[in-house]
Amino acid sequence: MSRPFTAKKIAAEVQLLLIGIPVFFWTLIPVYHLLVFAISERDSATSGRLWPKNPTLQNFDTVLQQKHFYLTHFWQQLGNSLMVAFAVGLLTLFVATTAAFAISRLKVRGGRTVMNLALFTYFIPAAFLAVPMYKTMANYGLLNNRWSLILAMVTIASPYCIWVLKQASDKLPWELDEAARIDGATPLQLFRLVYIPLMLPSLVAVGTYALLLAWNEYLYGFLLLSNETDLTLAVALGNFLAADDSPWELLMATGLIYALPPAAIYYAFKRYMVAGLTAGAVKS
């Protein structure tokens, strides 16, 4: 039987609604204005109306058909963004997962020190490391190469991901490791058959974090890439602001399209994340 509502419970629900509803609408305001600009005509985009007088999808057609000189390489730049984001996500997962496994489960000597030193790099803002990173990539001949951006973002994302996975790994029951070793499992089999299934929720979380970090990166992409065909779409969007009379309606339409893949990735992995939370559960 359900418990009856009490005055205390009702007051708590009201407080949550009073906080949640304003936060919800405040979060949606930028998205709403993005949509309004994207479906507005050229002359009415900055009219200040709450809804355009003559909504149109022509701006999306202009973007998708690359009919503006700022959008000449739209599809290629979108592909660059996807390639960089997924490469960063996969490489970061590989580095962070193996490092966390070695530190937490194999107890590699000096592992915690290495992890703490890596995490210490976050005391320095990433923007301050942009110039040293540029110099490093120049020394190795990686400038104007998408791999320079990938390696830079993996470097930035890995320390945090290692720390998160190490903390999650410490909570796994040691009985599973002992049982696997008694059955003759090697460290690689332990990693593949025991560690990975149990860590699935955390792996999805840090992989998504690294992917979105690379997807939204502007500064490093701006510094390390210069060829129009190698730019990510996040950097290419900055070209819209180069002119005095910028096509705001096209900028917002492109931005709205650019925001769709992260939303799709989130909803694609949402069920997988929930399923992974109960994977490998142990009954004590």
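Buried means under 20% relative accessible area, exposed over 50%, and partly exposed in between (1.4 Å probe, protein chains only). The views below show a predicted model, in which local features need pLDDT of at least 70, side-chain atom pairs count only at pLDDT 80 or more, and totals for chains, interfaces and linings use all residues. Residues are numbered from 1 along each chain as its sequence is written, and side-chain values use heavy atoms, with hydrogens and water left out.

**View 1. Helix H9 and its buried residues.** Helices (H or I, at least four residues) are DSSP runs, numbered from the N terminus. The buried residues of H9 include Pro201, Leu203, Val206, Leu211 and Trp215. Gly207, Thr208 and Ala210 are also among them.

**View 2. The salt bridge between Asp177 and Arg105.** A salt bridge is a side-chain nitrogen of Lys or Arg within 4 Å of a carboxyl oxygen of Asp or Glu. Here the closest N and O atoms are 2.8 Å apart. The pair links distant parts of the chain, 72 residues apart. Asp177 sits in helix H7 (residues 174–182), Arg105 in the loop between H3 and helix H4 (111–120). Asp177 is buried at 4% relative accessibility. Arg105 is buried too, at 3%.

**View 3. The salt bridge between Asp170 and Lys166 in helix H6.** The N to O distance is 2.7 Å. Asp170 and Lys166 are four residues apart in H6 (residues 146–170), so about one helical turn separates them. An α-helix has 3.6 residues a turn, so residues three or four places apart point the same way. Asp170 is partly exposed at 31% relative accessibility, whereas Lys166 is buried at 3%.

**View 4. The salt bridge between Lys67 and Asp61.** Its closest N and O atoms lie 2.7 Å apart. Lys67 is exposed, at 53% relative accessibility. Asp61 is partly exposed, at 27%. A search of the whole structure finds three salt bridges.

**View 5. Confidence along the model.** pLDDT is the predictor's confidence in each residue, from 0 to 100. The protein averages 85, and 93% of the residues score at least 70. Among its elements, helix H3 (residues 74–104) has the highest mean pLDDT, 94. Helix H12 (residues 248–277) has the lowest, 78. Over residues 275–284 pLDDT stays under 50. The model has seven contacts (heavy atoms within 4.5 Å) beyond four places in sequence for this stretch. Where pLDDT is low, the predicted coordinates should not be read in detail.

Terms used. Helices (H or I, at least four residues) and strands (E, at least two) are DSSP runs, numbered from the N terminus.
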